[in-house]
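Subject: Structure handover

Hello,

Here is the structure for you to look at. My notes follow below it.

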Amino acid sequence: MKKILVTSLTILTIGIIVGLFTLHQPPTTTPSVRQTRVRHHVAPITMATVKNNDALRFSCIIYYAVKHLKIQRWQEVSDFQLGWQVEIYTENGQTKYLVWPDKHIQASAKQLQPNWFTFKNGQVTYDSFGVHTFKKDLTATVSLTTIVTQIKRDHAAKLVRHMPTNLVIKDHR
């Protein structure tokens, strides 16, 4: 009797294992489909495109400041979701570009002097007012060519080309 019980249990166990194995196998009648992703080609950022497109140029300059500049206050404009507001003024014959965080910033929120940059002869000079200090403003000068080259190295063309959608330009000249 024991022998019959052991044999029956063994057969039952083998039947369950075989049944489970066949249930979990994919059907052999459907061919396997290979899914492919469509890759959208993003045009590289070149000096020619930057020179002819103010919003793209400002985006490149802001990107470089946030990602590579060693002036800490430029991190105040590092939120790519909120965006930026650039106000353009002329002061003593030099055009000055003030960069505010948040494309929707209101005048009432503009209490502290913003970061700004100037652009002359292919050189961008970043400037930042030292908060709670009597030291001179912090500055750094970088060529626009260096900025474009760095964006290529960072493989950030897609990100930088999207930045103008979160950029508001107010020209007060």
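This is a predicted model: local features need pLDDT of at least 70, side-chain atom pairs count only at pLDDT 80 or more; totals for chains, interfaces and linings use all residues.

Sheet

The model has an open sheet of six strands, in the order S5-S4-S3-S2-S1-S6, and the pairing is mixed. Strand S5 (138-143) and strand S6 (167-171) are the edge strands; each has a single partner strand, so one side of each has no neighbour in the sheet. From one strand to the next the twist averages 25 degrees. S5 is joined to strand S4 (residues 123-128) by six bridges, and the two strands run antiparallel. Within this pairing, Tyr-126 has Ala-140 in S5 as its bridge partner.

Helices on the sheet

Helix H3 packs on the sheet and touches strand S1 (84-91), strand S2 (94-101), strand S3 (115-120), S4, S5 and S6. The direction of H3 makes about 115 degrees with that of S6. H4 packs on the sheet as well, touching S3, S4 and S5. For H4, the angle is given against S5 and comes to about 75 degrees.

Helix against helix

H3 (residues 54-68) and H4 (residues 144-153) also pack on each other, at an angle of about 75 degrees and with their axes 10 Å apart. Angles of 65 to 115 degrees count as roughly perpendicular, and H3 and H4 are therefore roughly perpendicular to each other. On the H3 side the contact is made by Arg-57, Cys-60, Ile-61, Tyr-63, Tyr-64 and His-68. On the H4 side it is made by Leu-144, Thr-146, Ile-147, Gln-150 and Ile-151. By type, the residues of this contact are seven nonpolar, three polar and one charged.

Salt bridges

There are five salt bridges in the structure. I describe some of them here.

- Arg-57, which is one of the H3 residues that meet H4, forms a salt bridge with Asp-54, with 2.2 Å between the closest N and O atoms. The two residues are three apart in helix H3, so about one helical turn separates them. Arg-57 is buried, at a relative accessible area of 11%, whereas Asp-54 is partly exposed at 40%.
- Arg-73 forms a salt bridge with Glu-76, and here the closest N and O atoms are 2.9 Å apart. Arg-73 is buried, with a relative accessible area of 11%; Glu-76 counts as partly exposed at 40% relative accessibility.
- Glu-87 and Lys-110 meet through their side chains in a salt bridge of 3.3 Å, N to O. This pair links distant parts of the chain, 23 residues apart: Glu-87 lies in strand S1 and Lys-110 in the loop between S2 and S3. Buried means under 20% relative accessible area, so Glu-87, at 7% relative accessibility, counts as buried.

Positive phi

Two residues other than glycine have a positive phi and may be worth a look in the viewer. Asn-92 has phi near 55 degrees and is found in the loop between S1 and S2. Its relative accessible area is 79%, so Asn-92 is exposed. Asn-121 has phi near 50 degrees and sits in the loop between S3 and S4. Asn-121 is exposed too, with a relative accessible area of 72%.

Regards

Definitions and conventions
Residues are numbered from 1 along each chain as its sequence is written. Side-chain values use heavy atoms; hydrogens and water are left out. Axes are lines fitted to C-alpha atoms, for helices over the stretch in contact, and angles run from 0 to 180 degrees between N-to-C directions. Helices (H or I, at least four residues) and strands (E, at least two) are DSSP runs, numbered from the N terminus. Angles under 35 degrees count as roughly parallel, over 145 as roughly antiparallel, 65 to 115 as roughly perpendicular and the rest as oblique. Contact means heavy atoms within 4.5 Å. Ala, Val, Leu, Ile, Met, Phe, Trp, Tyr, Cys and Pro count as nonpolar, Asp, Glu, Lys and Arg as charged, and the others, Gly among them, as polar. Two strands pair if DSSP finds at least two bridges between them. A salt bridge is a side-chain nitrogen of Lys or Arg within 4 Å of a carboxyl oxygen of Asp or Glu. Buried means under 20% relative accessible area, exposed over 50%, partly exposed in between (1.4 Å probe, protein chains only).
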